[in-house]
Amino acid sequence: MTRRLCTIAGFSRYAVEEELLDHSPAARGRRPRVDCESRAAALDRNELGALLVAAGLGPPLEHALIWLLALNGLRVSEAAGADIGHLGLERGHRTLAITRSCQGGKVVTIPLAPRTARAIDLAVGERIGGPVFLAADGRRLDRHGAGRIVRKVARRAGTGKSITPHTLRHAFSTAALDAGVPLRDVQEAASHADPRTTMRHDRARGSLDRHATCIVAGYVAGAAR
């Protein structure tokens with residue numbers, strides 16, 4: 001509802017600027033408050049690991065797609081839009097240049113984990129051009145096809161949860177923060193304009209293991225001896 005009201009308000013504001021309306025009928029409209037808690041399914045470290053193992057048991061396409069989404073936190077459109085010509089090597093790292101859909105088409109280079117790179121190599125095979133991920137009909141894999149692959153691998157892993165490509169993006173943010181990666185670096189990796197979005201993706205915000213009390217106690221303990 002909030003999204004639709006925002007659309008109406010934006011269109012009405014444009015109509016006023018173009019002098020098609022005298023005033024915006026949505027100017028005083030009150031919008032529902034959006035719950036900051038994400039509705040996406042949460043995957044803990046063990047569940048994410050099981051999903052990666054299950055992906056490795058399938059065809060190279062499934063293996064490469066799941067590992068790229070889970071370990072790089074890409075949007076599904078960014079992964080599906082990757083081309084073979086975007087693969088590269090930089091400072092000893094296998095890399096992939098992707099187009100950030102949320103940043104006006106900005107092209108950024110991301111590193112690939114060694115196993116992700118190997119899986120992509122297997123998925124590409126002998127091809128020297130075109131999309132990295134191909135559907136069964138030989139055309140570029142789209143977001144719907146990627147979603148079907150994620151659900152298939154999730155069933156193979158026995159997670160018992162409704163998993164989507166965006167679930168893996170949430171899992172990436174959560175795993176990165178659990179591993180101690182600074183929030184700013186996770187925000188940059190996930191290409192979030194606002195750190196609050198990164199925090200919203202963090203499905204372990206309430207974890208007592210990560211509470212500041214535990215970290216400060218361990219830090220100060222050495223000086224208190």
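Visitor: Which residue caps the N-terminal end of helix 6?

Guide: First, the ground rules. This is a predicted model, where local features need pLDDT of at least 70, side-chain atom pairs count only at pLDDT 80 or more, and totals for chains, interfaces and linings use all residues. Residues are numbered from 1 along each chain as its sequence is written, and side-chain values use heavy atoms, with hydrogens and water left out. Helices are DSSP runs (H or I, at least four residues), as are strands (E, at least two), numbered from the N terminus. Now the cap. Asp 142 caps helix 6, with a side-chain oxygen 3.2 Å from the backbone nitrogen of His 144.

Visitor: What span does helix 6 reach?

Guide: The expected span is 1.5 Å times one less than the number of residues. Helix 6 covers residues 143-157, 15 residues in total. From first C-alpha to last, helix 6 reaches 21 Å, close to the 21 Å expected. Just after helix 6, Gly 158 takes a positive phi of about 70 degrees.

Visitor: Which residues of helix 6 are buried?

Guide: Buried means under 20% relative accessible area, exposed over 50%, partly exposed in between (1.4 Å probe, protein chains only). An α-helix has 3.6 residues a turn, so residues three or four places apart point the same way. In helix 6 the buried residues are Gly 145, Ala 146, Gly 147, Ile 149, Val 150, Val 153 and Ala 154. Their cover includes helix 2 (45-56), helix 3 (60-72), helix 4 (76-80) and helix 7 (165-178).

Visitor: At what angle do helix 2 and helix 6 pack?

Guide: Axes are lines fitted to C-alpha atoms, for helices over the stretch in contact, and angles run from 0 to 180 degrees between N-to-C directions. Helix 2 and helix 6 pack at about 105 degrees, their axes 8 Å apart. Therefore helix 2 is roughly perpendicular to helix 6. The classes are: under 35 degrees roughly parallel, over 145 roughly antiparallel, 65 to 115 roughly perpendicular, the rest oblique.

Visitor: Which residues make that contact?

Guide: Contact means heavy atoms within 4.5 Å. Helix 2 supplies Ala 50, Leu 51, Ala 54 and Ala 55, while helix 6 supplies Val 153, Ala 154, Arg 156 and Ala 157.

Visitor: How covered is helix 3?

Guide: Helix 3 is mostly covered, with ten of its 13 residues buried. One of the buried residues is Trp 67. Trp 67 counts as buried because its relative accessibility is 10%. Beyond neighbours within four places in sequence, Trp 67 contacts Leu 52, Ala 55, Asn 72, Arg 115 and Thr 116. Just after helix 3 comes Gly 73, with a positive phi of about 65 degrees.

Visitor: How many residues of helix 7 are buried?

Guide: Eleven of 14, which leaves helix 7 mostly covered. Among them are His 170, Phe 172 and Leu 177. Helix 7 is followed by Gly 180, whose phi is positive, near 100 degrees.

Visitor: Which residue other than glycine has a positive phi near 60 degrees?

Guide: Glu 19. Glu 19 sits in the loop between helix 1 (2-17) and helix 2. Glu 19 counts as exposed because its relative accessibility is 71%.

Terms used:
A polar contact is a pair of N or O atoms within 3.5 Å; within protein, one must be able to donate a hydrogen and the other to accept it, and residues adjacent in sequence count only if both atoms are side-chain atoms.
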